[in-house]
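Subject: Structure for you to look at

Hello,

Here is the structure I said I would pass on. Please open it first; my notes on what was found follow below.

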Amino acid sequence: MADTWQLVPHNEVKVTDRYYDEALHLQLINMLQLDPDRLLAGFRETAGFIAGMDEAERNSFMKGKARYGGAWEDGMIGGHTLGHYLTALAQAVVNPGLSEDEKSRAKERLDYIVSVLGECQEKTKGTKYEGYIFGATLPTKEFTDNPVLQFDNVEKGLCEIFTQSWVPWYTMHKIVVGLNAAFSLAKNDIALEVNNCLLGWIANRTEGWSEETHRTVLSIEYGGMNDCLYELYDINRSLKEKGDSRAYSNPERIKAAAHCFDEIELFEKILSGEDNVLKNTHANTTIPKFIGALARYEVDRTQDKYLEYAESFFDMVIEKHTYVTSGNSEDEHFRADFSLDKERTNVNNETCNTHNMLKFARRLFAVTGNVKYLDYAERTLINAIMASQNHDTGFTTYFQAMGTGYHKVFSSLDGNFWCCTGTGYENFTKLQRGIYYKAPGKLLVSMYLASEYENESYKVVMDGDLTKSDTVTISVVAKKDVIEDNLLLWVPGWTEGGMRVQLNSNEYKTDCDCRFIEIPASELTDGAQLTIKLPMSISCHNLPDGKDTYAFCYGPFVLSARLGTLKMQETTHGVKVNVASEKAVDSDVLTITAEESVDSFIANIDKYLVKRDGSCEFDLGGISKPKVFTTHFNQYTESYGIYWKYESDSNKEN
Ligand SMILES: [Zn+2]
């Protein structure tokens, strides 16, 4: 059962769907417009102080460039963007959806940044900060005298974000992940050297923690430090096994550092399944910790308990805290169990959370083979990730409101370096992830999205657009005499068992009502053509605390009502995060006129929510104020309503 599947490598899949391809290009264009020297300014400044440079020397080392503004990059969380940026550039370098020129521009940018980080690290050699690279602001003399003061403060539990520390381990996680990706994907060797040297600094620190300090550190957001260190361990372990001289001399030391970020007490609490265990916990602090638990299992398959921790947490989030779009949280926090209708506001569904849950789902599928993770992953990619981009500008969301009547608010090119902005860079440079998985002798199609998968012996070309038609085709092109892989087709949950497959215009008989249809390699000759019909229908989804509060989906697509552009007002929230401030409707209650009860209205929804021919627009009638619904993922120009409270006319209070 274990080790069932692997995501196919980034460079073997190209998304050809036009909307997705545009989304990728918009993201890359924006990323390349950023000035790498400004993203690096903080790293150079920190290295300059460590090396004892005077102001003029530092300024010259920084090329006269200042950090970007907006209260994040020029705050004590500064430098987190560079980590995301490195990951996203590395993904771009191996993304077949980009031209050779685009890929080489991404590679050039990545190589430049890594070389500067190496230079910064060089300045720390022989000092007590050896290996340390960081880009946060150093707001006072105390910080310039001691550039690791944020980490010292965390160990004392001092975490006021403007004067003491703003989640430095979270930022460190982004940097380590970025360097991992620069090495693994973009084949930049210096990235591994820098990361291994940085690891020396990290391990010196974790090895010095008393039990009490350890507990204090883990009480403050630290991202997925366990996850990224297990990954770095895995990279070094496999290099070492091959006798590669680039390997860290003692990979077990990296693993031990990773263990220090495993929060066993929390893991056990989740496993116990007690009520409201996640209530008011910071969602994006918590999710990566469990991805880290999974990572521990991924690198050591004897650690079954860690898989259990990961699975229990995932299930708990889905069951008790998740909206129809796959998003979770209210103002960054999980609220009480099953409290979702009550918590629909302008600040739900932080994008980092869905990004992390999607990554988590894919990795859980890979190790368990459980189809529920594919169902979640498809829904999330379409309705939370694709839904997070403004398709004109390429800028992305922080929150996605579930309160009816708000609109999506997007970042800007260089003014909003929120956590979710960096997450956005990562999301849109890897849109080809999760469409195909492989196992020995098998290729799995796990999403129906126009794309091409290619390895050395064959190519699979998938065409179709589920927003336009319920039929997709898959053609097989053999590059060698025989195709050795069976082709597995995922049967989406939303087809309700109605998926039909034709192989070369003959109905392909399957004798089970299962979630995968397996076509043996022997039937897949060059030119073989599969036609897959995925009947789509309307499904209705209410909330655990809102029996009559419904959202609608059409196949995999969440629908939202179009509410116009009249009331798209914004305000700021938290640390300069832009959010919607006004609702386009006075009320989210819809009164049913055509049926006696909400239940009968919902039972007959096909009569009332009617698709317009040739488009993905739906007219909702049978209510006092008819509405037009459309696919939510591409609603970015006007206010929207996903959830509405339905009431029958007879029950209406007068
Ligand atoms: Zn975020």
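The largest pocket holds about 1,700 Å³ of space. A pocket here is an open set of points on a 1 Å grid over the protein atoms alone, with protein on both sides within 12 Å along at least five of seven lines; a cavity is a set of points where a 1.4 Å probe fits but cannot get out, and lining residues have an atom within 4 Å of a point. Grid points are joined across faces, edges and corners, and a volume is the space filled by probe spheres set on the points.

This is a predicted model: local features need pLDDT of at least 70, side-chain atom pairs count only at pLDDT 80 or more, and totals for chains, interfaces and linings use all residues. Residues are numbered from 1 along each chain as its sequence is written, and side-chain values use heavy atoms, with hydrogens and water left out.

Back to the largest pocket: 49 residues line it, and Leu7, His10, Glu231, Arg363 and Arg433 are the closest to its centre. Among the elements that each supply at least two lining residues are strand E1 (6-7), helix H11 (225-241) and helix H16 (351-368). Helices (H or I, at least four residues) and strands (E, at least two) are DSSP runs, numbered from the N terminus. The lining has 18 nonpolar, 14 polar and 17 charged residues. Ala, Val, Leu, Ile, Met, Phe, Trp, Tyr, Cys and Pro count as nonpolar, Asp, Glu, Lys and Arg as charged, and the others, Gly among them, as polar.

As for cavities, there are eight of 30 Å³ or more. The largest cavity has a volume of about 90 Å³. Its lining includes Gln27, Asn30, Met31, Phe395 and Tyr425. Helix H1 (18-33) gives the most to this lining, with three residues. Five of the lining residues are nonpolar, seven are polar and none is charged.

Last, the helix packing. The axes of H15 and H16 are 11 Å apart, at an angle of about 130°; axes are lines fitted to C-alpha atoms, for helices over the stretch in contact, and angles run from 0 to 180 degrees between N-to-C directions. Residues in contact (heavy atoms within 4.5 Å) include Phe313 and Phe314 of H15 and Met357 and Phe360 of H16. This contact has eleven nonpolar residues, one polar and one charged.

Regards
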